[in-house]
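Please read it alongside the sequence and the structure.

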Amino acid sequence: MDSPGLSRHEQQILRQIEAALEQDARFGRHMHALERKRSQFGRPRRTPGRSLAVLAVLSLSLTITAVLASRTYLTVAFGAVSGVAITAALTWLCATRRKRRF
């Protein structure tokens, strides 16, 4: 990790610090745990916003289909999906509001 902006004396001090840290077992465990967490963050995951978008699109398509087909079961499905979407949206909004306060 030699940088061209460091003097020889600074590079020597940096090597000594790195050598001391490599010998520290507690520091090594901590860095290993951070590396594991970093690899977990790299995985794609579903966000609440995406889930809400999918529920909104599904709800809209059920609305259009229910109106065009005039079927009761489609209207019931629309109501169920809309209820889930509204509940998920309110839960998500409350959770993000709590995070901002603290």
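This is a predicted model: local features need pLDDT of at least 70, side-chain atom pairs count only at pLDDT 80 or more; totals for chains, interfaces and linings use all residues.

Methionine 31 has its place in helix 2, and with a relative accessible area of 38% this residue is partly exposed. Met31 also belongs to a nonpolar surface patch, whereas serine 59, in helix 3, is buried.

**Surface patch**
- The nonpolar patch that includes Met31 covers about 460 Å² and is made by Ile13, Ile17, Leu21, Phe27, Met31 and Leu34.
- Two or more residues of this patch come from each of helix 1 (8–23) and helix 2 (25–41).

**Nonpolar core**
- In the largest nonpolar core there are 6 residues, namely Leu55, Leu62, Ala66, Leu74, Val81 and Ala85.
- Helix 3 (48–69) and helix 4 (72–101) are the elements that contribute two or more residues to this core.
- Alanine 85, a member of the core, is in contact with Leu52 and Leu55 when its neighbours within four places in sequence are left aside.
- In soluble globular proteins, nonpolar side chains tend to be buried together.

**Serine 59**
- Serine 59 lies in helix 3 and has a relative accessible area of 11%, so this residue counts as buried under the 20% cut-off.
- With neighbours within four places in sequence left aside, serine 59 is in contact with Phe78, Val81 and Ser82, and of these contacts Val81 is one of the core residues.

Methods:
Residues are numbered from 1 along each chain as its sequence is written. Side-chain values use heavy atoms; hydrogens and water are left out. A nonpolar core is a set of buried Ala, Val, Leu, Ile, Met, Phe, Trp, Tyr and Cys residues joined through side-chain atoms within 4.5 Å. Buried means under 20% relative accessible area, exposed over 50%, partly exposed in between (1.4 Å probe, protein chains only). Helices (H or I, at least four residues) and strands (E, at least two) are DSSP runs, numbered from the N terminus. Contact means heavy atoms within 4.5 Å. Patches are made of residues with over 30% relative accessible area and no salt bridge: like charges are joined within 9 Å, nonpolar side chains (Val, Leu, Ile, Met, Phe, Trp, Tyr) within 5 Å. Accessible areas come from the Shrake-Rupley method with a 1.4 Å probe; for residues, only the protein chains shown count as cover. A salt bridge is a side-chain nitrogen of Lys or Arg within 4 Å of a carboxyl oxygen of Asp or Glu.
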